[in-house]
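Please examine the sequence and the three-dimensional model shown below.

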Amino acid sequence: MTEQSQPQKTAKTESLEEFQVEAGEQLTTNQGVVVEDTDNSLKTGNRGPSLREDFHFQEKLSHFDRERIPERVVHARGSAAHGYFQAYESLAKFTKAHFLQDPSIQTPVFARFSTVGGSRGSADSVRDVRGFSVKFYTQEGNYDLVGNNIPVFFIQDAIKFPDVVHSIKPEPHNEIPQASTAHSNFWDFISLVPESTHMILWLLSDRTLPRSFSRMQGFGVHTYRLVNAEGKFRFVKFHWKPLLGVHSLVFDEAQKLAGKDPDFHRRDLWESIEQGNYPEFELGVQIIEAEDEHKFDFDILDSTKLIPEELVPVLPIGKMVLNRNPDNFFAETEQVAFAPSNVVPGIDFSDDPLLQGRLFSYHDTQQHRLGSPNFANLPINQPVCPFHNNQQDGRMQMQVKTSRVNYFPNSLGQDQPAPSETEGYVHHSERVQGHKIRERSPSFGEHFSQATLFWNSLSAVEKEHVVEAAHFEIGKVEDQGVRERMVERLNHVDHELAKLVAMGVGVAAPKEVATQNHGQSSPALSQESLAVKTVKGRKVAILAADGVDAEQVTTIKQALMDAGAQAQIVSKFLGMIKSADGQEFKVDKTFLTSASLMFDAVYVPGGALSVETLKANGDALEFINEAFRHYKAIAATGEGVELLKKTSAESLQHDQGVITAKTSSHQSKFAKSFIEAIAQHRFWMRTLG
Ligand code: HDD
């Protein structure tokens, strides 16, 4: 064997423990036979021909040939984490669900966050609804709460789901565009389906550009039922609130991130957990007494409607903490199979026709995607409580069921496993009657009032973003008729909105229609009211070069770390930089391997030589200019202030999030102001050139 035919041994930089490999582990075939050589196939002579009997080569290649499974038809792009859920206090008054009754129990969970439209390899930061799925591994079986980060949905009846998804996905003739609703087919469909109006307003808002998975809300969307031990039911809506508050990217940032770091959200989730910054979400419920079902001016079974929190407050009931990354992406995140039909005693469905369709679709799709009715056998899908039944056969049965009988009733197996009248899941019983008809209830007939409520609830900046998003999305539609129909539709939501959108998409301003804006708003719908002023988990770039002021770097780094934020040094090259007094600092990222997009704020420390070097570096100036354009906090001390004067931040206005201190004697006051500015997240009052 020649020297060149051997693969180069890689430098051993990580410990075995980190890779979770047992010392002395040998490479074997799937049959357990130890492999002698996995780099050269078996040949007759070293130039071949290859030999058919090379079973190791065949196994290796044929496994590889089958390593992809169908991706999820929607929500293909996602990322997940393990954790636990713990109730604050017993919810026995409302539900008999065991995991909601005992505040001492930590129920294991697996949560998966996703985009909807893009394929598995698409970018994280695109404008899209985010999926928010949680599997609770309770002592009474698995409960899945499969929601989104938006409280309403596009359609009212599940029979239209294939239509809405076909319209969202890339167009069928050329498969363009990827992971974007900004195309003709989508807006064509939407312009013909008025029930989508409310959801569209949310889609165009900042909600579809979350800063991270840990900074977005989650909603169960449908009205479900909670049932207590006495069999009394109440209707319920589920809400997840992130403890870090709700924050978004700006659109330009999101679009650029899709190129610079397509894994932006996935990486953030992974790194936050690795660093011990565990994402936390509070679970809340809106409870509606059974007798209040019809007291609203909309139907609580209509998934295009939410229940304003001013009408029914959200009661916090517990907290989810995500504290462990998956061990293997495919085995866990890809193979996890969520289904709204996975419920436990004490949680039941409503007659929402969208929900009822989902109760079929998820189970059905898992069989196709995972290839077998035994998908519940996969470790990530297995309940933590015992499970027994007579379903023994089917592809890839992992359990060796030892029972000789697989039917019920039986005498040979003493009727085991047996149903339980006392502990079994009992569907809520009610008398129903009606004609078989394909119709919508008139109570599902009003489509604009809550869209207007949402629009009215937004701040001026949020409204501006909706209009810009509409200019982009509808502006990408080639057909004039579709654009006109969309403007006409928005005119039913708010005349001013329709006029502003019309201006950007080549459509004449519409005439005011009879439907008037009702003038009502719901403060809880504005994302600004859900912001939390914390720097926990935020990332700050420190721009530096040789000659930097060591004390200034160290002080700020420490202050940020103490506040739960993370600082990284960005310079021209990787390696070490030397401060003016000879200390060495490791460079974390270069101007090439990073961008201001990946950080929440920028800091330029003093040090004459460092600042002179940065001044001559266009990438450093662009870094600051871009952060300025994205309304982020920018700071400088000592000579660093001179660098800011060469950028868009030149006016150094403190109230616009540009924080400076001339001398290091003001460092601690400066650090405090900088941290407050980062916590503010964005400085919208900035005038951009
Ligand atoms: Fe769905 C996946 C959320 C309506 C059919 N959906 C899926 C996922 C989320 C949602 C978060 C990803 C699950 C995961 O992480 O694996 N879907 C929703 C919400 C809806 C909704 C909040 C409305 C309230 N979905 C909906 C309808 C249907 C489906 C009306 C069909 C009748 N959804 C599916 C699906 C998927 C799915 C085709 C694709 C992959 C999967 O289920 O496991 O069955």
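## Surroundings of the ligand

A polar side-chain atom of His 75 is placed 3.5 Å from a nitrogen atom of the ligand. In the side chain of Arg 112, an N or O atom is 2.7 Å from an oxygen atom of the ligand, and in the side chain of Tyr 362 an N or O atom is 2.6 Å from a nitrogen atom of the ligand. Such polar contacts are pairs of N or O atoms within 3.5 Å; within protein, one atom must be able to donate a hydrogen and the other to accept it, and residues adjacent in sequence count only if both atoms are side-chain atoms. The model is predicted: local features need pLDDT of at least 70 and side-chain atom pairs count only at pLDDT 80 or more, while totals for chains, interfaces and linings use all residues. Residues are numbered from 1 along each chain as its sequence is written, and side-chain values use heavy atoms, with hydrogens and water left out.

The shell around the ligand holds 24 residues, of which Arg 72, Arg 112, Arg 358, Tyr 362 and Gln 366 come nearest; a residue is near if one of its heavy atoms lies within 4 Å. Helix α9 gives the largest share of this shell, seven residues. By class, the shell has eleven nonpolar, ten polar and three charged residues. Here Ala, Val, Leu, Ile, Met, Phe, Trp, Tyr, Cys and Pro count as nonpolar, Asp, Glu, Lys and Arg as charged, and the others, Gly among them, as polar.

## The iron atom

The ligand contains an iron atom whose only protein donor is Tyr 362, through its OH atom at 1.8 Å. Donors are N, O and S atoms within 2.8 Å of the metal (3.2 Å for Na, K and Ca); water is not among the atoms, so sites may look incomplete. Tyr 362 belongs to helix α9, residues 353-370. Helices (H or I, at least four residues) and strands (E, at least two) are DSSP runs, numbered from the N terminus.

## The largest pocket

By class, the lining has 19 nonpolar, 19 polar and seven charged residues.

## Backbone features

Most residues other than glycine have a negative phi, and most peptide bonds are trans. The bond joining Ile 176 and Pro 177 is cis, with omega about 0 degrees; Pro 177 is in the loop between α3 (161-168) and α4 (184-191). Another cis peptide bond runs from Gln 416 to Pro 417, with omega near -10 degrees.

Pro 417 lies in the loop between α9 and α10 (449-457). Gln 414 is also in the loop between α9 and α10, and its phi is positive, near 55 degrees.
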